[in-house]
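Here are my notes for going through this one with you. Have the viewer open and follow along point by point.

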Amino acid sequence: MRKAGGGFIFIILVSCLLLWTPKGDSWAQEKTVTYLSLADYTGPIAGLNVPADMGVEDYFKELNARGGVEGVKVKFIGVDTRYDVARAVSAYKRYRTETKLLVVNAISTGIGKAVGPLTARDKIVQLVPGDGEFQAKRGRVFIWGPAYQDSFAAALDWILGDWKARGKSGVPKVGFISWDNPYGKEFLRGGREYAEKIGVPLLKPEFFPPGALDHTVYLTRLATAGANYIFAGGVDPTPTNVIRDAHKLGLTKTIQFLADYWGPTEPVGVRAHPEALEGTVITSYYLRGEEAKKHPLAALWKKYRGKPYEDLNEVYPNGMVWGMDFEEGLKIALKDVGYEKLNGEAMFQAYQKLTGFKRQGITGPNAYSPTSRRGSLEIKFYRVKSAKVIPVTEWKKAPDAVSLHKF
Amino acid sequence: MTNFLQLAITGLLTGGLYAMVGAAIVLVYKSTHVVSLAHGQFLAFGAFFFYIFISVLDLPFWAAILLTFLVAAAIGLAAERFSLRPLIGQPLFSAFLMTFAIFMTMDGIFQLILKGETRTLPHFLSTETLSVGGLNIPTGGILSFGVALAMFSLLGLFFRFTKVGLGMRATAEDHQLAQSTGISVRTIFSIVWIVSALVAAVAGISLARVMDIHYPLPWIGVKGLVVALFGGLDSLPGALLAGLILGMLENLSAGYLDPLVGGGVGDVAAYVMLLLILLVKPFGLFGLKRIERI
Amino acid sequence: MLPCGVYNERYAQDMAVVRTKRHWAILLISLFLLYLFPVFDLQYFISFINYLCITFIIVLGLQVVTGFCGQVSFGQAAFMAIGAYTSAILTLKFGFSFWLALPLSGLSAGVIGLIGGAPSLRIKGFYLAMATLAIHFLIMWLIMHLEITGSTQGLHPAPPSIGGFEFDSDGKMYYIIVSVMLLMTYGAKNMMRTRLGRAFVAIRDNDLAAEVMGINLYRYKLLAFFISCFYAGIAGSLWAHWIMVVHPEQFTVLHAVWYVGMLIVGGMSLTAGAFFGVVFLRGLDELVMFSSPFLASTFPWLGTHPAASLGVTAFGLILIIFLIFEPRGIAHRWEIFKTSYRLYPFAYYYNSSSRKWDKVIFPRWDIPDYGYPS
């Protein structure tokens, strides 16, 4: 027959490639378990995901180099979902047949809720950033640290303390500004009730779309309403951009800004706008700034990535915490059921026994238990001073704001 | 009242930048009758290359600007040569889709390079704010607005007094007639794309100074398109006016309507305005009405 | 071009969708294999095909309005969202069953599509594209700010069920999705050989002339939008009950762009074009996702796992290449291939429009019309 033409051959090639599904058989000789991360490496929260997943990956590399957990090695799979639910679900379905997939880290509130029913059906452990909803309705989903609303409650306590320390009487007015999506609104589901409980008036919250380039309108409204403190949500560089816009309007002189867990980090936000961020307080459940860089595990940054310490993002050691939990859980699960019978259910039981696990000091001690899905209970406050992030308090227990809200 | 003025003035300043992007699109449409969506990416890449020259390579300001112009011109030329030149003779809608495809490709590359981070430009304009009667007006913003106005006047002079400019206006009227007087229409096309890429680069640098180089930056190109449509696709003064109106409208509607509706009015305002304009006066404020024959 | 030895002797034969006995045999065997597929329990492929079928329904709708009727629409993602939300709200808040909610969500999307298509009565071409884009943003904004749609939290519809049997896995939803898809495909193909289809094509080719001929432009343009949004609504409803989560971020402008891109790459004027476009571009997306770990390790400057952005770049490049080299899409190439196969070893065919004997050389960049609507 005459030449079939490039087009036809191309179609055959594509179908061959589609049919070729690489399985985990290349690892068949060794004993492996799998950890899947549905992350966003090129979209809105890439600033957080890329260093964090670098952390987990390097932690697992180090673990495997030491021989794994009793000879069982860990395989890390990271998928770029670009914050898109459909892509995340399809990636999950693609990888759920991997050898002994035990834990799925769904790094996004929306993706976490979409993949939730699927992991529940497959009985796999799932991690999500901080939605209190998963503490209120306990299932197989674990939160990384204290819930978002708990951190907001802790911030409100700090605000009250700071207000009194400045010698002012009465109560301060607190404003809230964050992304217009489930993550942004989660803080107030419990946070609002806590503010009422301690008598701090919360101004009407402002929400802007994740891709917004300019926040002056929202900030002007909060300023006109008389805010003394503004809590800015969003994943770095968003809070940096918000505070930058506030600085341009001259608001940073009269209003104290606070950020949440994913607030300005030294290599990204603080490096970009040091003068605008001067004095900003950051709520955090993991070590930041110099404390993070001096931690022994930060040495892996130089070892595996070969980049200077100044570029170390604080989220890098935080990512390793997931690896630590996984390692500990794996140890317990292997002791309980052994490798052959190891599955998601066993890991789920193991995770609930992680109460008190120290996580090498990067966060407060682990708080997973049969009744708690919180990763830890403690919060530390940091402040940006002269382009550095320094601690201003010790580890404090965050109040329980999840129980105040009806889910 | 101060609230109104504050919102209006910041809106006006941003509107000047939108007007520049709209001008780039109008420029291309006037000569080639192709509506370009790709200019959003031109402005993002212009800003990004400026960042590389001024921050990473630490070149002096004017050298960085010059090099950025060279790179932007190269990008514009490449886009025209490799993707739009083959489409001469095809229906104009294909060319529109092609600019769309260029936008998508460059968007992918932009995301790959940026990896979700933000890059900030160093402060080459002053960062103080003037406090005039209770209003906070950033001086840097006024300077950028001035640059935008200067750019518009330069373009106006270019079209009136230079040979190339006159050639472009002739091509805009009728390709056949222009060719018959000896103007090489293909060269004009290339020049048009180069000049519009330069305008987009200037707009990109001004926008990035305010908004940082972040992944949504290229989508300002769509706002530029709204501006161009509003003002009339073949009218430069229309683009200026429409840009200013759009900037003010966004800020004012966000300021006053947000509390009533619950947020997010700012982005939708531009599109509602676009829809109304397309339904009421499809050719824009100053555009020429086209009569269609069977 | 008909196969050798096949002649159309009656009008019905000329208009038939399936022409020869061989066609019928292939069709029935393919249908049988299609329905047999889930038995093989290839989990990933079943979910991939579900995704393909839902996208196919959407692009079919887009083809009716853009490919056959010539009205460019960038709003398909928004109308799919309307269908998905209607279905979710009806089943969750009003207790409707899925089987009733499915056509109702199609109808609701269609009705809103009438409003969304109203601009087409005044403007066309590129201006209409921008207007539909604006409508997309408007609809998504409305969805994000109404309480009934759960605003930004999204909704969680339940899987469909008959009696007590729940369609909660990919394999079970496969049957519903594939059946609906087959129905809609047949509907689209059938529509095109009726009076309605001919009116659409007339409007696309020259709407002023069509109006002069007596075709009521208002009625047919709005009908085209209604039908395409009906398709999008049905697809949205299937999507909602398959993924079991409805969230505004699932229906972005990028999705609308992908659908238009699929139509262009596949071929705007043939129903097969939608199919080719969907399979090709979705397959490309999956291919990029598979190969990204490999690419990331070979080219470290790409960064970790660049799958999503590479997908967008690849999409843009493919679109550029197709617009330059094959603006008629893959379906056109397929027609050429079929013709050259049928004519082999003869190299000439009778070109009815130029009334000459032309040579078939495969592949060729500038092959003229065969007389099918294009």
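This is a predicted model: local features need pLDDT of at least 70, side-chain atom pairs count only at pLDDT 80 or more; totals for chains, interfaces and linings use all residues.

1. Now count neighbours: A:Arg359 has 22 C-beta neighbours inside 10 Å. The cut-off for a buried residue is 20 or more, so A:Arg359 counts as buried. You'll find A:Arg359 in the loop between α16 (344-351) and β11 (378-385) of chain A. Its backbone deserves a look too: the phi of A:Arg359 is near 50°, a positive value in a residue other than glycine.

2. Look for A:Ala387 in the loop between β11 and β12 (388-391) of chain A. How exposed is A:Ala387? There are 13 other C-beta atoms within 10 Å, so A:Ala387 is partly exposed.

3. Now zoom out to chain A as a whole. Its secondary structure comes to 16 helices and 13 strands. The C-alpha trace of chain A spans about 80 × 60 × 45 Å along its principal axes. What radius of gyration would a compact globule with 407 residues have? The rule says near 22 Å, and chain A has 22 Å, so the two agree. Of those 407 residues, 58% are buried. Sequence distance is worth a thought as well: take the contacts in chain A between residues at least 6 apart in sequence, and 68% of them join residues at least 24 apart.

4. On to a sheet. In chain A, 5 strands make an open sheet with parallel pairing, in the order β2-β1-β3-β4-β5. Which strands sit at the edges? They are β2 (72-80) and β5 (141-143) of chain A, each of which pairs on one side only. Going from one strand to the next, the twist averages 20°.

5. Pick out one pair inside that sheet. Strand β3 (residues 101-106) and strand β4 (residues 125-128) of chain A run in the parallel sense and are joined over 3 bridges. To see one residue pair, find A:Asn105, whose bridge partner in β4(A) is A:Leu127. Helix α4 (residues 109-122) of chain A packs on the sheet, where it touches β1, β3, β4 and β5 of chain A. The direction of α4(A) makes about 170° with that of β4(A). Another helix to find is α3 (residues 85-95) of chain A, which lies across β1 (31-39), β2 and β3 of chain A and runs at about 175° to β1(A).

6. Strand β8 (residues 229-232) pairs with strand β9 (residues 256-259) of chain A in the parallel sense, over 4 bridges. How does the chain get from β8(A) to β9(A)? The path goes through helix α10 (residues 238-248) of chain A, and this β-α-β crossover is right-handed. β9(A) also pairs with strand β10 (residues 281-284) of chain A, again in the parallel sense, over 2 bridges. A:Ala259 is a handy landmark here: A:Ala232 stands opposite A:Ala259, and A:Ala259 stands opposite A:Ile282 in β10(A).

7. Over to chain C, which has 14 helices and 4 strands. The radius of gyration of chain C is 22 Å, close to the 21 Å that the globule rule gives for 374 residues, so chain C is as compact as a globular protein of that length. Its C-alpha trace spans about 65 × 55 × 45 Å along the principal axes. In chain C, 50% of the 374 residues count as buried. Among contacts in chain C between residues at least 6 apart in sequence, 71% join residues at least 24 apart.

8. Last stop: where chain B meets chain C. The contact takes 35 residues from chain B and 35 residues from chain C. On the chain B side, α4 (92-114), α9 (220-231) and α11 (265-280) of chain B each supply at least two residues. Which helix gives the most to that side? It is α4(B), with 14 residues. Sorted by type, the residues of chain B that touch chain C divide into 24 nonpolar, 8 polar and 3 charged.

How values were computed:
Residues are numbered from 1 along each chain as its sequence is written. Chains are lettered from A and ligands numbered from 1 in the order in which they are written. Two strands pair if DSSP finds at least two bridges between them. A crossover is right-handed if, with the strands pointing away from the viewer, the path from the first strand over the helix to the second runs clockwise. A residue is buried if 20 or more other C-beta atoms lie within 10 Å of its own, exposed if 12 or fewer, and partly exposed in between; C-beta atoms are placed from the backbone. The radius of gyration is taken over C-alpha atoms; the globule rule is 2.2 Å times the number of residues to the power 0.38. Two residues are in contact if their C-beta atoms, placed from the backbone, lie within 7 Å. Ala, Val, Leu, Ile, Met, Phe, Trp, Tyr, Cys and Pro count as nonpolar, Asp, Glu, Lys and Arg as charged, and the others, Gly among them, as polar. Axes are lines fitted to C-alpha atoms, for helices over the stretch in contact, and angles run from 0 to 180 degrees between N-to-C directions.
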